[in-house]
Amino acid sequence: MIVLQDTGRIALAKALAAMPAYFAWGRGDGAWQEPPAVPIAGQMVDEIGRSLATIVEYVVPTTETDPEREYSVPEGVGDNILYYKKSAQPSQWLYLQANFGFFDADGETVRECALFFGTTVTPDTPPGHRYITADQVATPGDMYTLEYRKPSPRERKQEAEFLILPL
């Protein structure tokens, strides 16, 4: 039996950290009041736009009482919370965060979110632009995660999407 080793997981984290990562929001199906189950080979139904992950850092698990604890995320459907702290050394856990600005997807209802690696933008996209609309995506890249959500209307507010990838 072949078993992926921690050094292999760290190599995967390094490769992903070196690629542009975008969190994409979508409208989903307008009929969704409750999100459906996400199929293993799912796709976004109706993309609105994407925001570049501007924080990409290595983290390691820790405890709730650790004074260096930076991040916490729910695990599964229960009330279990996992805690992480930053790591100066590459690890098999990668923290990614993208910020959506006040006017990004303003007036839209978000029902899906995906994380893509390797997205490229169209040549007419202004340099350094962190939020891109669906028509500014030249190549979508590879979808890593997909989540269907309860409808969430956008109303001129800042929001952040974040994810910890356990590799």
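The largest pocket in this predicted model is lined by 20 residues, and Pro74, Glu147, Arg149, Phe162 and Leu163 lie nearest its centre. A pocket here is an open set of points on a 1 Å grid over the protein atoms alone, where a 1.4 Å probe fits, with protein on both sides within 12 Å along at least five of seven lines; lining residues have an atom within 4 Å of a point. Strand E11 (159-166) is one of the elements giving two or more residues to this lining, and its share, 6 residues, is the largest. Strands (E, at least two residues) and helices (H or I, at least four) are DSSP runs, numbered from the N terminus.

| Kind of lining residue | Count |
|---|---|
| Nonpolar | 14 residues |
| Polar | 2 residues |

Now for the inside. The largest nonpolar core has 20 residues, with Phe23, Leu96, Leu115, Phe117 and Leu165 touching the most other members. Such a core is a set of buried Ala, Val, Leu, Ile, Met, Phe, Trp, Tyr and Cys residues joined through side-chain atoms within 4.5 Å, where buried means under 20% relative accessible area (1.4 Å probe, protein chains only). Leu96 has contacts (heavy atoms within 4.5 Å) that include Ala21, Ile55 and Glu161.

Residues are numbered from 1 along each chain as its sequence is written. Local features need pLDDT of at least 70, side-chain atom pairs count only at pLDDT 80 or more, totals for chains, interfaces and linings use all residues, and side-chain values use heavy atoms, leaving out hydrogens and water.

Notes
Ala, Val, Leu, Ile, Met, Phe, Trp, Tyr, Cys and Pro count as nonpolar, Asp, Glu, Lys and Arg as charged, and the others, Gly among them, as polar. Buried means under 20% relative accessible area, exposed over 50%, partly exposed in between (1.4 Å probe, protein chains only). Lists of a residue's contacts leave out its neighbours within four places in sequence.
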